[in-house]
Each structure stands twice: as structure tokens, then as C-alpha cells.
Amino acid sequence: QVQVVESGGGLVQPGGSLRLSCAASGTFWRLNDMGWYRQAPGKQRELVAVITSLGSTRYADAVKGRITISRDNTKNTVYLQMGSLNPEDTAVYYCNARAQEYSGRTLSSWGQGTQVTVSS
């Protein structure tokens, strides 16, 4: 099993920056992709960014150039560095981690979410 816990959300002014963290824990053979998703009020959850275990990244078009995803495999932690934030970035941000058990079974776990509010 794998569990993830997010941290780092909060209130930030337009144009500001924020860094989110997500730590994975549990019993598994290896962590695979880790990613950040967000859900704004009245909207569906959408991908923000994802990073593979080897460091390959993929971003939503809306955040390219403003947001960077990274991970520390020694800490089983993924980060989301966000800059040039605007009110449209306001949402609950969720971390997702995919792992593989020793048996080969794949796992997927979501965090509880962390609120990011961009407002003056």
C-alpha cells in the first residue's frame, strides 16, 4: 500500500509563488509516476503536472513556463514550484502517487488535497 500527504498550500497574491510538497510512504517495491492535479469549484479534476521515476515531466498547457515539478527519490517526495500565480490557479491541489508492490501489483493513491487560493 502507499499513502501520500500534501503540504504547502495557502493564500497568495496574484503574481506570487508557492511550493507544494507531497510525501509518499508505505510498503511497496518502487514508486513510479507522481503527479499533481487540481480541482476548482464547479470543475472537474485536471492534470497539472506529472513526473516519472526517471525524471521525465509533462505539464498542462495552462501552467507551462510557470510551474515546475520535481522529485527527490531518496525522500519519496514530489514538489510543485508554482510562480506567476493568477486567480485561475485557485483550486484544491491533489497529489497522486503510483507504486508497484513486490508482487507486481500496481497501486495508486491520492492525497487529501491542499487548498491554493490566489487573491489580492
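User: Let's start with Asp 72. Which residues does Asp 72 touch, not counting residues up to four places away in sequence?

Analyst: Happy to begin there. In this predicted model, Asp 72 touches Thr 77 and Tyr 79 once residues up to four places away in sequence are set aside. These count as contacts because heavy atoms lie within 4.5 Å. Asp 72 itself has its place in strand β7.

User: Is Asp 72 buried, exposed or partly exposed, and how do you know?

Analyst: The relative accessible area of Asp 72 is 23%. Buried would need a value under 20% and exposed a value over 50%, so Asp 72 is called partly exposed.

User: What makes the pair Asp 72 and Thr 74 a polar contact?

Analyst: The two side chains meet at 2.4 Å. The cut-off for a pair of N or O atoms is 3.5 Å, and 2.4 Å falls within it, so the pair qualifies as a polar contact.

User: On to the sheet. What is the order of the strands in the open sheet of four strands?

Analyst: The order is β1-β3-β8-β7, and the pairing is antiparallel. β1 (2-7) and β7 stand at the edges because each has a single partner strand, which leaves one side of each without a neighbour in the sheet. From one strand to the next, the twist averages 15°.

User: How do you know that β3 and β8 pair?

Analyst: Pairing requires at least two bridges, and six bridges join β3 to β8, so the antiparallel pair passes the rule. Within this pair, Ala 23 stands opposite Thr 77 in β8. Ala 23 can also be placed relative to Asp 72: the two are 49 residues apart in sequence and 9.6 Å apart in space, C-alpha to C-alpha.

User: Why is the link of Cys 22 and Cys 95 called a disulfide?

Analyst: Their sulfur atoms are 2.0 Å apart. The limit is 2.5 Å, so the pair counts as a disulfide. A search of the whole structure finds one disulfide. With -80° about the S-S bond, the link of Cys 22 and Cys 95 is left-handed. The link joins distant parts of the chain, with Cys 22 in strand β3 (residues 18-26) and Cys 95 in strand β9, 73 residues apart. Both Cys 22 and Cys 95 are buried.

User: What makes Glu 46 and Arg 38 a salt bridge?

Analyst: The N to O distance between their side chains is 2.8 Å. The rule asks for a side-chain nitrogen of Lys or Arg within 4 Å of a carboxyl oxygen of Asp or Glu, so this pair meets it. Glu 46 has 38% relative accessibility and counts as partly exposed, whereas Arg 38 has 6% and counts as buried.

User: How do you know that Asp 89 and Arg 38 meet in a salt bridge?

Analyst: Here the N to O distance is 2.9 Å, and that is within the 4 Å limit, so the term applies. The pair links distant parts of the chain: Asp 89 is in the loop between β8 and β9, and Arg 38 is in strand β4 (residues 30-39), 51 residues apart.

User: Why is it said that the pair of Arg 66 and Asp 89 ties together parts of the chain?

Analyst: The side chains of Arg 66 and Asp 89 meet in a salt bridge at 2.8 Å, N to O. Arg 66 lies in the loop between β6 (57-59) and β7, while Asp 89 lies in the loop between β8 and β9, so the pair ties together parts that are 23 residues apart in sequence. Both residues are buried. Arg 38, Glu 46, Arg 66 and Asp 89 are linked in a network of salt bridges, and the count by this rule comes to five salt bridges.

User: What makes the phi of Asn 76 and the phi of Ser 84 worth a remark?

Analyst: Most residues other than glycine have a negative phi. The phi of Asn 76 is near 50°, a positive value, and the phi of Ser 84 is near 50° as well. Asn 76 is in the loop between β7 (67-72) and β8 (77-82), and Ser 84 is in the loop between β8 and β9 (91-100). At 26% relative accessibility, Asn 76 counts as partly exposed; Ser 84, at 46%, is also partly exposed.

User: Last one: why is Ser 109 called buried?

Analyst: Its relative accessibility is 11%, and that is under the 20% limit, so Ser 109 counts as buried. Ser 109 is in strand β10 (residues 106-110), and its side chain reaches the backbone oxygen of Val 2 at 3.0 Å. Leaving aside neighbours within four places in sequence, the contacts of Ser 109 include Val 2, Gln 3 and Cys 95.

Methods: Residues numbered from 1 in each chain as written. Predicted model: local features only at pLDDT ≥ 70, side-chain atom pairs only at ≥ 80, totals over all residues. Heavy atoms only, no water. Helix = DSSP H or I, 4+ residues; strand = E, 2+ residues; numbered from the N terminus. Buried < 20%, exposed > 50% of the residue type's maximum accessible area, 1.4 Å probe, protein only. Polar contact = N/O pair within 3.5 Å; in protein donor to acceptor, adjacent residues only side chain to side chain. Axes fitted to C-alpha atoms, helices over the stretch in contact; angles between N-to-C directions.
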